[in-house]
Amino acid sequence: ELLASTTKKFVLPSNKVRKEWFASYRAIEALVWIMPKPDASQTRHDSLGRKRAGEVVWGDEVVVNSQRWLKTEFDGQCGWMLFDGQAVGGKRPFLEPCRETPASWRILEAEVWVLPKADPKQSRHDSIGGRQAGDIVQGHSVTVGGHAWLQVLHNNTQAWILIDGEAVNVNRKFLERCPAPEQGPTSVSSWVSTRGGHLSTQ
């Protein structure tokens, strides 16, 4: 099987975290599929997951059989996203470099949850961490399902914090963007802590 190591757990090396953060990529197609191996013959039925247009993803660019792929992480597994849409009959690339640095955001709620996906139906039992009022986190603001989320890195894994409280029937924002850039942290653990918290305090 092509690259059998793709079934193993994939973790971005800690010494490459800042490099990968600033060299991240943004999906520019409506849906870009995350595949279990770098093989353009696969279809969406083989996929591990997907990214919507505007979402940011981190990983390593790898050339396999003359095709450019992004080697990334999805639910603890190694996943692959195709750069060149022409390889599957498309007319343009599926991913583009995301040059801007992540913005700093301040937590406004007493506690908020760090979640594995941008889905307001999740509860505290689904969370992988939390933040408290006044904490500063860094990430990219992404609109999913009509609501704003902050896409972050948590322990070298992509994660989400809800910005727009209306997604859970609360008429306020859970985070606010800091007015001026702050000095970047030196590790992922300082961007998103592992303390307990919850999606919102209603």
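This is a predicted model: local features need pLDDT of at least 70, side-chain atom pairs count only at pLDDT 80 or more; totals for chains, interfaces and linings use all residues.
Residues are numbered from 1 along each chain as its sequence is written, and side-chain values rest on heavy atoms, with hydrogens and water left out.

One aromatic pair is present in the structure, a pair being rings of Phe, Tyr or Trp (its six-membered ring) with centres within 6.5 Å, classed as stacked for planes under 30 degrees apart, edge-to-face for over 60 and tilted for the rest. The ring centres of Y25 and F83 are 5.0 Å apart and the planes stand at 80°, so the arrangement is edge-to-face. Because Y25 belongs to strand β1 (residues 25-27) and F83 to the loop between β7 (77-82) and β8 (95-97), the pair ties together parts 58 residues apart in sequence; strands are DSSP runs of E with at least two residues, numbered from the N terminus. Both Y25 and F83 are buried, that is, under 20% relative accessible area with a 1.4 Å probe and protein chains only. R68 lies over the face of F83, 4.2 Å from the ring centre, the criterion for Arg being CZ within 6 Å of that centre and within 35 degrees of the ring normal.

The count of disulfides, defined as pairs of cysteine sulfur atoms within 2.5 Å, is zero. C78 is buried at a relative accessible area of 3%, and C178 is likewise buried at 7%.

How values were computed
Helices (H or I, at least four residues) and strands (E, at least two) are DSSP runs, numbered from the N terminus. Buried means under 20% relative accessible area, exposed over 50%, partly exposed in between (1.4 Å probe, protein chains only).
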